[in-house]
Amino acid sequence: AVERFRLEKARECYQDATKHDPEFAMAWAQLAVVQRQLGDRDGAQESIRRANEARLNASEVEALWVARIYALFQRDSESADALWKEMAEKYPEHELVLRTKAEFAKQNNDYETAMRCYDKLLEIDKDLVAIHNLKGYLYLQQGNYEQAVLSLQRYAYYAPDQANPHDSLGEAFLYIGRYEEAIREFRAALEIDATFHWSARNLAEALSITGQTKSAVKVLEKWRPLFEERQMIPWWDMTRTMVSVRAQNWDEVLELTEKNLKRLAEMSDLEKFEYELFARYARTMALLETGEFEAAEQSVGELELVAQRIHDFGAVAHMERPKQMMAINEAMVISRFDRAAGVPANGIARLEESIAASEFSPHELVWPTRELALAYLDADQPTEAAETAQRILDAIPTAPELNLVAARAHAAAGNREAALGLLQTYLDVMRKADPGHGQVAEATALVQQLTPRS
């Protein structure tokens, strides 16, 4: 059930196991993990307490795993790290160790080690079909989109009755710009399992990328009760706010972030950090776009405090990817300020450096690359803006945000045919966009301006 993301069924199975054997430490620990995923934090704490009390009845490797999960639940990272080191040294080929080692390697961009662990797991048990899912996401993280799709199609072949393969394949299509296929897969996942909330979130994202803002909001509102039930509203909030950011509805972004930042006390530390980083960044953008410069400066100050708290907490200090993303976010904020202040060239170097220093795949760099291209465009460097956008368009030729900014850049540089080609791609992707969509209107006007008249 866990492999199939059927969490309610998994919870039921683990509860039955603990009824049959109240000293079954692994069942208690795995029940705690599932309860936490379902938003039952009180139940999870009780289950992990029972697991820790019963761990001496388990094998040594299982006892170490249970003790480590208990330490993580208690936010005792020092003990968790020590227990992990002992596990890895004593049982390097155990399934529990291989899975955890792969996750750590993936977080630190050590793709070779992660893939080796996944392949070893499939050698141990070829029926662990969800490993194909993990391999697919690892390929996506590397920007190896062809292999990612093949792995996820293999996953769907082995598990045709599950929602998650369709969701994962939809994400792969989303990342490479095959948006209609992505939407189809997300809808298929929800038809198989209407409680698969991640597909609702991903469907809303795909719809918003293609300009179908009203449909995206409708999907999110329909599935909001499920996010509330599972205490995952911060994820819902982030998606809802991003829908407004993509539509450049800045007043709505301000309204959403103001309301939702008041609920930070209800979130766990990790949820709070991730959500607040995003919300403060989105709020800063919206304040700058609406001319509230002083309020934006205050917002970015609060953003810097969040970043400092993350480092102090130690939640991500050992992980390379989050640190790289924070560096990019900071550079994007500075670039936005410089553009608003009329000195767009000032922030270009830092944003270039942060993007170049990262190890993110093309789909993860769409938004920062767009920001960089806009900075070049505002600095009257249209050739550099077009070249910047093209870096990602080479991998994701249908990315609408970059097609539009690249078209503007080519138009400014006098490359009429190139601009028209990019605009045609953009309008093809956005052909189902809401009537009156601002960027579609801009693209249509630019086409009319560039099209020769007799």
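**Helix pairs and their surroundings**

Reply: Let's start with helix 2 and helix 3, which run roughly antiparallel to each other. For angles, under 35 degrees is called roughly parallel, over 145 roughly antiparallel, 65 to 115 roughly perpendicular, and the rest oblique. Before going on, keep in mind that this is a predicted model: local features need pLDDT of at least 70, side-chain atom pairs count only at pLDDT 80 or more, and totals for chains, interfaces and linings use all residues. Residues are numbered from 1 along each chain as its sequence is written, and side-chain values use heavy atoms, with hydrogens and water left out.

Helices here are DSSP runs (H or I, at least four residues), numbered from the N terminus. Helix 2 covers residues 25-37 and helix 3 covers residues 41-54; they pack at about 160 degrees, with axes 8 Å apart. An axis is a line fitted to C-alpha atoms over the stretch in contact, and the angle, from 0 to 180 degrees, is taken between N-to-C directions. The crossing of this pair is left-handed, meaning the near helix is turned anticlockwise from the far one by less than a right angle (clockwise would be right-handed).

Who touches whom? From helix 2 come A25, W28, A29, L31, A32, Q35 and R36, and they meet G43, A44, S47, I48, R50, A51 and A54 of helix 3. Contact means heavy atoms within 4.5 Å. Sorted by class, this contact has 9 nonpolar, 3 polar and 2 charged residues. Nonpolar covers Ala, Val, Leu, Ile, Met, Phe, Trp, Tyr, Cys and Pro; charged covers Asp, Glu, Lys and Arg; the others, Gly among them, are polar.

Now for another pair. Helix 9 (residues 145-158) and helix 10 (residues 163-175) pack at about 165 degrees, with axes 9 Å apart. That makes them roughly antiparallel, and their crossing is left-handed. Helix 9 brings Y145, V149, L152, Q153, Y155 and A156, while helix 10 brings N164, P165, S168, L169, A172, F173 and Y175. This contact has 10 nonpolar, 3 polar and no charged residues.

Of its 13 residues, 10 are buried, so the rest of the structure largely encloses helix 8. Buried means under 20% relative accessible area, exposed means over 50%, and partly exposed is in between (1.4 Å probe, protein chains only). Among the buried ones are I131, H132, L138 and Y139. After helix 8 comes G143, with a positive phi near 80 degrees.

A positive phi also turns up at N109, about 65 degrees, although N109 is not a glycine. N109 sits in the loop between helix 6 (95-107) and helix 7 (111-124), and is buried at 7% relative accessibility. D380, another residue other than glycine, has a positive phi near 60 degrees. D380 lies in the loop between helix 20 (366-378) and helix 21 (382-393), but is exposed at 68%.

Terms used: Helices (H or I, at least four residues) and strands (E, at least two) are DSSP runs, numbered from the N terminus.
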